[in-house]
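Student: Hi, I've got this one open on my screen. Could you walk me through it?

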Amino acid sequence: MMRLNSDVELLDGMPIAHIRSLSMIVVSDLHLGYESHMAKRGTLIPKVNLKRIVKDLGKAIDTTGAKTILIDGDIKNEFSRVEEDEFNEFYDIVQLIKKRGLSLILIKGNHDNFIERYREPFGIKVFRQQAEINGYLFFHGEELPDVKKDTRMLIMGHEHPSIGIYTTARKEKVRCFLYGSYKRKPLLVLPAMGYFAQGTDVNLEPKGNLLSPIFKHVDIDRMEAIALGYGSTMSFGSVGKLRSARP
Amino acid sequence: MIQITDKPFDDEQSLGVLNPYVREWFGKNFDELTPPQKFSFKLISESRNILITAPTGSGKTMSGFLSIISKLFDYSLAGTLEDRVYCIYVSPLRALNNDIHRNLQRPLEEIYKMVLKKKGVNVIKEGIKNVTIGVRTGDTPQKERAKQLARPPNILVTTPESLAIMINSQRFVESLKGVEFLIVDEIHELANNKRGVHLSLSIERLAAMSDKDFARVGLGATVAPLDEAAKYLVGYRGDELRDCTIVDASWSKKLEVMAMSPAKDLINTPDNVIEDETYKRLNSIIENNRTTLIFTNTRSGTERVVFNLKRRFHYGEDIAAHHGSLSRETRLDVEELLKKGSLKCAVSSTSLELGVDIGTIDNVVQLGSPKSVARAVQRIGRSGHSYKAVARGEMIVLNRDDMVETAIMLDSALKRRIDTFSVPKNPLDVLAQHVVGMSLTKKWNIDEAYDVIRSSYAYHDLPREDFESIVGYLAGDYVGLESRHVYGKIWFDKETQMFGKRGRLAQAIYMLNLGTIPDQVAINVVNVKDKKWIGNIEEEFLSRLKEGDIFTLGGKLYKFEYAKEMKCYVSDANTNAPTIPPWYSEQLPLSFELANQIGEFRSEFADVVRAYIKSNRIKSLVQFDKLPEEIDEYLGRLPVDENSKFAIFGYFLEQILYADLVPNNRLLLIEQSKSLDGKEVYVIFHSLYGRRANDALSRAVAIKLSDMLNREIGLMVNDNGFVLVLDGRVNVTERMVKEIMGSITAKSIEPMLKENIRRTEMMKRRFRYVAGRAFMILRNYKGRRMQVGRQHINAQLLLNAAEEIDPDFPLIKETYREILNEVMDLPRAEQVLRGIKAGEISYKMINTIYPSPFAHNMITFGHADVVLMKERHEYLKSLHKMVLENINRKK
């Protein structure tokens, strides 16, 4: 368990943040329905995404005893509509969460068109742009957030950050959280939870290629990269340092 | 039963089986029967299965076709010739198909004219029709196809891929059911690869739906073992191998061959002298013959030779290059010019070694070793067009290992000892493709389908569980029920054990994605620092790159960093030792058998040289004007020129004086030494087992040593051994070597290699090919072609996901099988390891100050460029100098 402060911690080896005061776990970018999206374009990828997510969420609920789960955007993959498989997987996730007695909050991401229609039947909360809950400001990341005076921390997804690390003539890609500040408030960028959202190596990619407009205001090199993998979560120091450590 | 016959029928017996018109036509056009025809006319007329191997110009095509044409005219004259296919001819070469069509059209017309002349208007009354012939390849226009469907040709000329399409087209199958003969041409180009395995399943499926078992005729150049090729051709009926008679006429053409060295001393003779001498020889051969064909082993070599010949000897348009990178038009032009006899010389990498008719060649010259006896014979066999002519070939060789290699190769060719091939066994991706194909034509009981598949020789031992895993995979077992309609290519009902096609798209998916040849593109090489583009390499070359490999591109050295999709990232290499030559993926590996023969020679000749050293008390190297008698006598048995004898003798003499030991096939010498600048330690394994077995062995040794030392190890693999490159402070002790050798066994090597392969470029790229063949990545889907880069990204996601659900996923299993058996030679590597364990092969470790002469070519291998090799030569020379100084100091 890695603590960012007395209230926020990152679960070991998982792309999940835990906010103790809210009894909430936060994840992002699940991209449900990815495999069937690919299958319809001629690549038959076996379905593993949902299985992995269910496993991780189950474990996170067990260890934290959280009462709420917040998905910080891009729960599904297809832009233009809700595909059948997306709906089925979405349904499974909601059922799991309900069965475990948690409530679900969705922040709408750029992939999440038409998601509002499930607000009623599933009894979930959907926020279109951002949500502020007890000083925590959740937003997906494709637009700049509206920071309030009493904001304690900003939490976003969208970017799918990872870092590229060279071992002997091979490059390893490791997903990571990014932790820094925006407008003098702490900013946490969540890694993608989706199995196939491999991630952008933020220490290798030129800054201009980053997706979120927030990086026009935040120097990513000054953010801390907190990598997860092989069952643990640990800080790798600043992105800038990792960038210069390249061969 | 498979049997070889060497008793030809007499001419009357052979010609007696022919229809009178056909016989008359043959008599008018040919003076006599060629060697294969003396067997084939009668055997084929009896509808026997037959495999004919014969050289170019031996009337091979006619030997396969004439009895069939004769039979078809019998039907025609009896008025029973129907509009359906009686004979299918399959060739892997599309160009050859047009040739065959042309070459058969004329006889058919001439024979029919003779019938017309004799019968007059009665042809109409008696309903005598001409025998028809049609070509069906990927290039055949839609209009022509429709015509063929309406009125099928009696003789159908096609490719493996087009045949696979036809047997799945319900309407066309009707006209194929009565096939009586199937000819497979260039069988040596098919039996050893997945394309051929694919064809074998098409053939068995055709047999299963035919009214009666058709006769199979296989045609090809020399192959070994012959019975393996025959088994590939005929397959099984039930549990019994079909009968086949083998006619081996491949040696009917006389061979005249010679290995030549441009200098007595290949090391100390200056580069320009060697180069001058090489071109002088080439020129004199060209001048003294009407048409000469030169083979280099690489495309760049081809261009350079043409350039140099033109520059040095003022040739003009009468010299031309022919290789795979040239446009189709250019290649066809060159072939046409050759046929017309208007070229003095053609230079080719490999593209002219196959089938296509190129007219009369007087002489073949090979620059550098062609690496296999079969290939040498095939290439030299392109000269002397008639079977009565002598096939003449010279091999000019520029380094001492190649010198020994070609000498033994040509000696083996003269002794008719050919390296062996093997049929790939049970490839699951090809199987998956055919199971989908089968489901298109009808509903199958799984046992019945298994029986059809097992009648192919390649699948006769297919484990039932592998077959079921493929059916399960295709039925979408690996996803939940609700999405099988998307993932499943077939349905499978466990109750009834039946399977069949699923979905409206199945047919289209099959037709558009069928085949075994993967899409490939050029890879951009980019500097990892500034992202600047450096040049292109072939994907095949990229897939061979290992951690830490260093290679040359555009005259500079680069270190392989990593690859991403269609880009290869490199950094500037701060060393002068490339580990892999740029043509590595172009050049064929040395075969295991030939390596063994070389090993035998090394051991024998080393004894001869040792005896000479002893009896003459030689202590240092001396210059010889004349070869010692016993040496001259021993080497005189090989087809080599005078210079070569000096070169070979000098090579062995140096090795023995310097290191005492000469590595051979029963003595694996392990030599620890240093680079000239002392910066690197070399551990040189003189393992003479061919490149593919060495590829497997070297990885295992590198893994163990790297674990032991906990550091990065460079690896150079070639035909005569492999070299581990370590930084200069390391010392590898004899005990460490013993421990390593003890831990690598025939049992342990496979899991070690799999673990090692898993994260390599090779695995990623090969998995893409396999996934494409097994229809997991549809290269062409709903009319859209997926770009290769996209295919690659998707293949990686696929690989990760498949591993996640099942590490033994059938396509992962197939990828390992392909790499271990086709890229590497794991079975042979295991054989070597068993030999070591049993003590038949011993290993010995020595330490040298500088690498011994037999290691020099291995160390400079990365520099090697067959024709132009200045840099390499410089390095070789300095190595050589150090060794000589050392020998002299010892004295």
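Tutor: Happy to! One term to begin with: two strands pair if DSSP finds at least two bridges between them. Helices (H or I, at least four residues) and strands (E, at least two) are DSSP runs, numbered from the N terminus.

Student: And the ground rules here?

Tutor: This is a predicted model, where local features need pLDDT of at least 70 and side-chain atom pairs count only at pLDDT 80 or more, while totals for chains, interfaces and linings use all residues. Residues are numbered from 1 along each chain as its sequence is written, and chains are lettered from A and ligands numbered from 1 in the order in which they are written.

Student: Chain A, then. In what sense do β5 and β6 of chain A pair?

Tutor: Parallel: β5 (residues 68-71) and β6 (residues 103-107) of chain A are linked by 4 bridges. A:Leu70 has A:Ile105 in β6(A) as its bridge partner.

Student: How many bridges join β6(A) to β7 of chain A?

Tutor: There are 3, and β7 (residues 125-127) of chain A runs parallel to β6(A). Opposite A:Leu106 you'll find A:Val126 in β7(A).

Student: How many residues does each chain bring to the contact between A and B?

Tutor: Chain A gives 20 and chain B gives 27, where contact means C-beta atoms, placed from the backbone, within 7 Å.

Student: Which elements of chain A give two or more residues to that side?

Tutor: They are α1 (34-39), α3 (84-99) and β12 (170-182) of chain A. The largest share, 3 residues, comes from α1(A). By type, the side of chain A that touches chain B has 9 nonpolar, 5 polar and 6 charged residues. Ala, Val, Leu, Ile, Met, Phe, Trp, Tyr, Cys and Pro count as nonpolar, Asp, Glu, Lys and Arg as charged, and the others, Gly among them, as polar.

Student: Switching to chain B. Which domains is chain B divided into?

Tutor: Domain 1 (254-398), domain 2 (522-572) and domain 3 (600-753 + 826-859), with bounds from an automatic or database domain assignment. The C-alpha centres of domains 1 and 2 of chain B are 32 Å apart.

Student: What's the strand order in the open sheet with β20 of chain B?

Tutor: The order is β21-β20-β24-β23-β22 (chain B), 5 strands with mixed pairing. β21 (533-538) and β22 (550-553) of chain B are at the edges with a single partner strand each, so each has one side without a neighbour in the sheet. Inside that sheet, β20 (residues 522-527) and β24 (residues 567-572) of chain B run parallel with 4 bridges, and B:Asn524 stands opposite B:Lys567 in β24(B).

Student: I also see β25 and β26 of chain B. Parallel or antiparallel?

Tutor: Antiparallel, with 6 bridges between β25 (residues 667-674) and β26 (residues 680-686) of chain B.

Student: Last one: at what angle do α26 and α27 of chain B cross?

Tutor: Roughly 130°, with the axes of α26 (residues 691-709) and α27 (residues 734-743) of chain B coming within 10 Å. Axes are lines fitted to C-alpha atoms, for helices over the stretch in contact, and angles run from 0 to 180 degrees between N-to-C directions. B:Val701, B:Lys704, B:Leu705 and B:Met708 in α26(B) meet B:Met736, B:Ile740 and B:Ser743 in α27(B). That contact is made up of 5 nonpolar, 1 polar and 1 charged residues.

Notes: Two residues are in contact if their C-beta atoms, placed from the backbone, lie within 7 Å.
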